[in-house]
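Subject: Structure handover

Hi,

Here is the structure I promised to send over. Please open it first, then read my notes below.

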Amino acid sequence: MRAIKVVGGRSLHGTVAVLGAKNAVLKHMVATLLAPGTHRLDNVPEIEDVAIMAEVLRHLGADGERSGNRLVVEVPEDLRPETPLDLVRRMRASILVLGALLARRGRARVAFPGGDDFGSRPIDLHLEGLRAMGAEFELRHGVLHAEAPRGLHGADVYLEFPSVGATENLLLAAVLADGVTTIGNAAREPELEDLAAYLGKMGAKIEGAGTSTIVVHGVSELTPGAHRVIPDRLEAGTYAAAAAITGGDVTITRCVPAHLRMELTKLAAAGAEVTTGDDWFRVVGPERPAPVDFATLPYPGFHTDMHPQMVALLSVADGTSIVTENVYASRFRYLGELNRLGADVHADGQHVVVRGVERLSGCEVDGCDIRAAAALTIAGLRADGETTVVGAEHIDRGYDGFVAKLRALGAAVERLGE
Ligand code: EPU
């Protein structure tokens, strides 16, 4: 059992630097598949999801070698176009190899991802878009067989929802497709813009990344690239929430505060004093947060992956907050765990009613996904006594040095188990 033990009551002080974004680097790793040769990625966090993606790449025939925060990926001419179930199950983002393999090999076999804690999370938008580009799919015994018998061609795709994954899969497919692809109602996330920047260095012709219309002029081949991954806004935001709930004073560096504009606005509305520079921001927490309403939305709206951390903060606010989750059908499992700590939170449809309590009281809680585990740790920083967050392996998936960084800021936190 991997767990995080927190003894609450200390306020956080100091400086913490963030690393590259998990949700960017995973896609960059898939992008390497588009060009044989040696690729170099810098600012890569040492997290479990990167290790799983490296396994996916190895399974396909590529090889990743890490040295510090640099990852060098060797991609062969020939790729094995299949990804097995155990890898897809361990990490949904494995589904992104679909677009890249269709582009490179004209076919792919990828285990069909199931549901997860956030609801069913379908991939219909990925498939619809790729179909418009000439791909055909058949689901056989849990494995998605994909083929583009006449190669991929450009298409005009309009997404029903600005899905990050679907936009990325289409982008990865379109860069080597024959002709022009337009992705309308595209996701505008900074991580996606960073993927487009990396693909651009590899020779791809992409316009409009970061806006809701992306136009891709397919090219016949790409060359290996070198890229520094953008900072992780979720890592930055998580430490910001931790600083705020403890009434601390923390400066978060090597980040892009502009990528967290909505989240920082809401932190300030909750009573935190927020000062920003180009690549840093400082959060001075209030004695007790003020209640704040917010709704999660695709970028540039409030990030769904900051929802649980923000609810942890608001659980001790002086009043009631209403949070609306618009991105996932069900992201509420952590609420019961927060209530075990003495919070008063409940979901009503897509809304979470957060009645602020004066104090939380430590106990053992289950951190059921990355952000839930982070949020429960944050709540533990404010709780009386000892909180044990079981499920630290989720933290390992997305946060490099989480416990060490919190300790350096003065938290009484330690890791239990392997
Ligand atoms: N959706 C569909 N059909 C599709 C694709 C998505 O209905 O074909 C729905 C999903 O079910 C979900 C919503 O659209 O309700 C958003 O999904 P999206 O495709 O935008 O998300 P994703 O690409 O699967 C990435 C991040 C998530 C993050 C979301 C939203 C990665 C590896 N994952 O997932 O990150 O929550 O975007 O911003 O980039 C995390 O880091 O903790 C995490 C879960």
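Overall size comes first. A compact globule of 418 residues would have a radius of gyration near 22 Å, and the protein chain has 21 Å, so the two agree. Please keep in mind that this is a predicted model. The C-alpha trace spans about 65 × 45 × 40 Å along its principal axes.

Now the fold. The protein chain holds 14 helices and 24 strands. Among its contacts with a separation of 6 or more, 73% join residues 24 or more positions apart. Buried residues account for 57% of the 418 in the protein chain.

Next, surface and charge. Side chains in the protein chain include 42 positive and 55 negative ones. The centres of these two sets lie 2 Å apart.

Last, the cysteines. How many disulfides does the count come to? It comes to zero. Take Cys-363 as a case. The closest cysteine sulfur to its own is in Cys-368, 14 Å away. A disulfide needs the two sulfur atoms within 2.5 Å, so that distance is too far for a bond. Cys-363 is partly exposed, because its relative accessible area is 21% and buried means under 20%. Cys-255 has 2% relative accessibility, so Cys-255 counts as buried.

Best wishes

Notes:
Residues numbered from 1 in each chain as written. Predicted model: local features only at pLDDT ≥ 70, side-chain atom pairs only at ≥ 80, totals over all residues. Heavy atoms only, no water. Helix = DSSP H or I, 4+ residues; strand = E, 2+ residues; numbered from the N terminus. Rg over C-alpha atoms; globule rule 2.2 N^0.38 Å. Buried < 20%, exposed > 50% of the residue type's maximum accessible area, 1.4 Å probe, protein only. Contact = heavy atoms within 4.5 Å. Lys, Arg positive; Asp, Glu negative; His and termini not counted. Charge placed at Lys NZ, Arg CZ, Asp CG, Glu CD.
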